[in-house]
Amino acid sequence: MASWDLSVSVEELGVEAPPLKISVTSDLHIGGVILKVVEKTEIKKDWSDHALWWEQKQQWLLKPSWTLDKCGIHADARLCLTPQHKPLRLVMPNLATLRLRVCFSSPMFHTVIGICKLLNIRHPEELSLLWPVEEKKKKKQKDADVNEVYDITSAPLPTSSIDKLANDMPAFFANSPETEAVYKMLSVSQPAPAPETIAKMNRPTTKVDKAQINSRWLDSSRSLLQQGVKENDKLLFRFKYYSFHDLEPQSDAVRLTQLYEQAKWAILLEEIDCTEEEMMLFAALQYHIGKVSLTEQLVATCPAMDDLDSALQCLEVKMEEEYSAEEMLVGMRLLCTSRGRPKKQTLKKYKQFWFTFKDMSISYYKSKEESCKEPIQQMNLKGCEVAPDVSVATQKFCIRLLIPEPEGMNEVYLRCDNEQQYSKWMAACRLASKGKTLADASFSTEVQSIQSFLAMQRTSSSNKAAQTDESINTHSLVSPRYQKKYKPKQLTPRILEAYQNVAQLSLTDTILKFLQIWQALPDFGLSYFIVRFKGCRKDEVLGIANNRLIRIDLGVDEVVKTWRYNTMKQWNVNWDIKQVAIEFNGNVNIAFGCVTANCKIVHEYIGGYIFMSTRSREKNNTLNEELFHQLTGGHEAL
């Protein structure tokens, strides 16, 4: 065959160096091209990590046995011989910046697996990479001087298994005091940030702002280089999927600490809404974690203190006590629906009815005596939205329900008389929304969890003596909204009151309790996208959670409709017109185009959450990468 010249740039020769020209034939394989280029450079070094990058096609040539003809490479191709692993700056959830070598040639999902192996983080499928918010030049120059970068580029490249020491620390980090300090920084909660730091940080104030952040996620199916990531670029490393599997404090020191840090910053930056009482409790828990982190380490704990969903799944034995028909007198306010959206014209006062809760439905009657007759109304709570509306200080115990109906969402408020009644009804509503009945084994655990949370918010006169014992930096523990609303001398007694209820907890229990309360917030785990539904002329918000999709009216900020994954039959993407179409049971079909993000990101979120639900609790359960790519990769996975 006729030979021809091929131009190949070599990164080691420098940016200014001209490309090397080598004589090739179309039947020469990629491995042979690399061999010819290496010989021509006359540089003696280990080239095993190098591969060819095809600049025009934006793709790696990773199959050494393929010929140039099979790859479609001709004389006009511009190739570059470059290392597959390059340094990258990663901003961790605790805001520490690491500089480490990562794979630029594998699909990004595999790159994340490598990062997690190096940092000793289990279940890498829950994390991903995203671009940081762009900063102004002046700020960038100032931050460059302030932010310390922890360099661990000397770490060995992740293999199938990483050697670990007795304390579960990867052996690499024990090599020197500097690397050991880096691991401690990752596995131990950091001191509270200065209020000025919080004030300067980017805070998403609306759902539109939050949707903009979610448009920055990288594609799991494509390599970093294909997505425009360059050597030494800065990326954020975050938990993307709010479905935390098999949390074990003893083996998950880094994972648990970084998860806590991400939750803490979500609350401090007001990425998720919480009540004033909840904010004081979060502040007290942060304060306690800051104190005990100086002396304690994360250790194994009782299964009941594990993350909520895991703890509930552990209890498979059905309760002996019968809870199939709880009956209580509660106040209720019923809101009418119109065009699938709750009306604002509501009853001003609560009306008392006799309520019964059976299986997954609530029924209500005028009185107890009439409960043997037909109810005024029966509402099935499966798939509904459940949110607390509670103030322990004012003895307000309400439950807000958004119940799916064919034409929209029916909004119902239940008002309970006391904590005990509220705890049982709230637990029952939460289980029913997940398709579980009162006879389920997890009912009593759910009730106890709610009661312990309420107890933490309770204040007592005996605690007041301790309020002046300590001075704390209150503005580092609450979000800017409360920094503006209250002075430190007003916040200190309130935080210390809440602190008295958690002061006896260990470090592990405190972090798990913080995560439990975070997971119980109404808006927990919702990732927002601005979309336009087929047939509509205005933009709306799509919320994606670990078990459902939520349609939100952008004008009034109200939930219009909820769809559960367990009723989903199929979903697909028309990549030409960038439209996602989903079919649910009951001949329900929806379709929408994405306004603020690539529809691949939305497709990946839905497929990713369905993948998370397939994970089993077996200890030897290996990560099924192929299934993840099938569910999230779209047309590129085929």
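**Ground rules.** I number residues from 1 along each chain as its sequence is written, and I leave hydrogens and water out, using heavy atoms for side-chain values. As the model is predicted, local features need pLDDT of at least 70 and side-chain atom pairs count only at pLDDT 80 or more, while totals for chains, interfaces and linings use all residues.

**Whole chain.** I looked up the secondary structure and got 17 helices and 26 strands for the protein chain. Helices (H or I, at least four residues) and strands (E, at least two) are DSSP runs, numbered from the N terminus. Of the 638 residues, 54% count as buried, meaning under 20% relative accessible area with a 1.4 Å probe, protein chains only. I also checked contacts (heavy atoms within 4.5 Å). Among those with a separation of 6 or more, 65% come from residues 24 or more positions apart.

**The five-stranded sheet.** I traced an open sheet with the order β2-β1-β5-β3-β4 and mixed pairing; two strands pair if DSSP finds at least two bridges between them. At the edges sit β2 (20–24) and β4 (59–61), each pairing on one side only. Neighbouring strands here are turned by 40° against each other on average, direction ignored. Helix α1 (residues 30–41) packs on this sheet and touches β1 (4–10), β2, β3, β4 and β5 (78–83). The direction of α1 makes about 135° with that of β2; axes are lines fitted to C-alpha atoms, for helices over the stretch in contact, and angles run from 0 to 180 degrees between N-to-C directions. I then followed β3 (residues 50–54), which runs antiparallel to β4 and is joined to β4 by three bridges. Trp54 has Gln59 of β4 as its bridge partner.

**A helix pair.** Next I looked at α3 (residues 108–119) and α17 (residues 625–632), whose axes come within 11 Å and cross at roughly 140°. The two helices are therefore oblique to each other; under 35 degrees would be roughly parallel, over 145 roughly antiparallel and 65 to 115 roughly perpendicular, with the rest oblique. Phe109, His110 and Ile113 of α3 meet Glu625, Phe628 and His629 of α17.

**A hairpin.** Last, I checked β14 (residues 351–358) and β15 (residues 361–365), antiparallel strands joined by five bridges. Thr356 has Ser363 of β15 as its bridge partner. Two residues lie between the strands of this hairpin, and Asp359 takes a positive phi near 55°.

Technical notes
Buried means under 20% relative accessible area, exposed over 50%, partly exposed in between (1.4 Å probe, protein chains only).
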